[in-house]
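Hi there,

Please have a look at it first, and then read on below.

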Amino acid sequence: MIGRELFLTIGEVRDEWIADAGEEDIPQKKPKRWNWMRRLGAAAACFLVLLTVGYCFVDWYYPMGAHEEVLRIKSLVLHNRLMSYELVRLGEGQRAMLPHRRGEYVGNLQGTEVWHLQGREDYAELIFCDGETWQLGRINQYNSLAEGWTYDPVEDADWVLGSLLSPEEWGNIDTSTYTMAEVLRNIYAADSAEDIAWVRFEKDDIDNTQIGQSVKVKTVTLRDEGEIARVWEIMAGLTPLGHHAERPQPKVALPEDVRAVQVVRNVTVKFKNGAVLEFEYNPAGGEDCALFYRIAGYDYFYLTVEQNRTLIDLAEISFAPTPIPETKPPRGIDATETARPPETAVAAPETIPE
């Protein structure tokens, strides 16, 4: 259609046709702010869904406090020693993953199938299976029987662990004195200082008061081979308190201006195979008083004066007085408030004569 024909065609459009057509509904574009609000709402909805799904998964896989709650104690015989393991409470997801975390098979011990953790050869943590029940065990006590104890089939017939082994098997249980070197070898698969990755000394949480929290303690991590070797030499030669039963437990005497939390240390030994040994070290008290405790069955291991001085130097422990901050007043009481003055007697009003 040429321009002349188009012009003539438009010219023939009648006015009544235009009136009858009315206004055409043309969709209006919504402002850009509305589009951003829709996107923001969709993103918030997606985030809420992910948060809900994530919370459900975490609660299923690793519930809060699961690694801290112990179900019960299980006894096993390993290396001719009677060991006790604490069974840790796990979430459904963690428990379902235990069969997939199995490593080398240890054996059937007292009716329980036992495996190492995958990629590890130590006995600090083991996987147990009783029928269809999978559990994670953590070493609780090494040589849990009293030193020198022997099983008597008559006197111990009603003993709670009497049915665990036969009388012949009980006779093979070793209850002699052991050194820390045996624990390191049999439980943590460590034969020398070269098997340790690092040793850490950090503040102990024995005093959770305001004063205890205010005391600053330096965390020291030993990675030098020579320093680790010195720690190993001390640990390997220690024997538990049972070997020194004739020696009374010494009293820990700290100067009045030194807080116990200032000198006591949590010690963590991380082995290259992934195992972890944790215990507490108290260097306070002076001559022949330093000790390790909550280690390998919560026994006490005494240190000599020379050993104690070596660890004090390595852990950079200071016995210098620490200023004690003033305690805060109880909640709801302003520190600037002064004592209320004593009330004075109020004179009786004079009587007004009638």
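Let me start with a question: is strand β11 (residues 291–295) largely enclosed by the rest of the structure, or largely open? Four of the five residues of β11 are buried, so the strand is largely enclosed by the rest of the structure. Please keep in mind that this is a predicted model.

The neighbour of β11 is worth a look too. Strand β10 (residues 276–282) runs antiparallel to β11, and three bridges join the two. In one of these places, glutamate 280 has tyrosine 293 of β11 as its bridge partner.

Now for the wider view. The chain has 354 residues, of which 34% count as buried. You will find ten helices and twelve strands in it. Among contacts with a separation of 6 or more, 61% are between residues 24 or more positions apart. The chain exposes about 23600 Å², and carbon and sulfur atoms supply 53% of that area.

Next, the salt bridges. The count comes to seven, and here are some of them.

One is formed by lysine 74 and aspartate 130, whose closest N and O atoms are 3.7 Å apart. Lysine 74 belongs to strand β1 (residues 70–78) and aspartate 130 to strand β5 (residues 125–130), so the pair ties together parts that are 56 residues apart in sequence. Lysine 74 is buried, with a relative accessible area of 13%, whereas aspartate 130, at 25%, counts as partly exposed.

Another salt bridge brings together the side chains of glutamate 86 and arginine 138, at 2.5 Å from N to O. This pair also links distant parts of the chain: glutamate 86 sits in strand β2 (residues 81–88) and arginine 138 in strand β6 (residues 133–141), 52 residues apart. Glutamate 86 has a relative accessibility of 8% and counts as buried, while arginine 138, at 26%, is partly exposed.

Arginine 120 and aspartate 122 form a salt bridge as well, with 2.8 Å between the closest N and O atoms. Both arginine 120 and aspartate 122 are buried.

I hope you enjoy exploring it!

Best wishes

Note on methods. Residues are numbered from 1 along each chain as its sequence is written. This is a predicted model: local features need pLDDT of at least 70, side-chain atom pairs count only at pLDDT 80 or more; totals for chains, interfaces and linings use all residues. Side-chain values use heavy atoms; hydrogens and water are left out. Buried means under 20% relative accessible area, exposed over 50%, partly exposed in between (1.4 Å probe, protein chains only). Contact means heavy atoms within 4.5 Å. Accessible areas come from the Shrake-Rupley method with a 1.4 Å probe; for residues, only the protein chains shown count as cover. Two strands pair if DSSP finds at least two bridges between them. A salt bridge is a side-chain nitrogen of Lys or Arg within 4 Å of a carboxyl oxygen of Asp or Glu.
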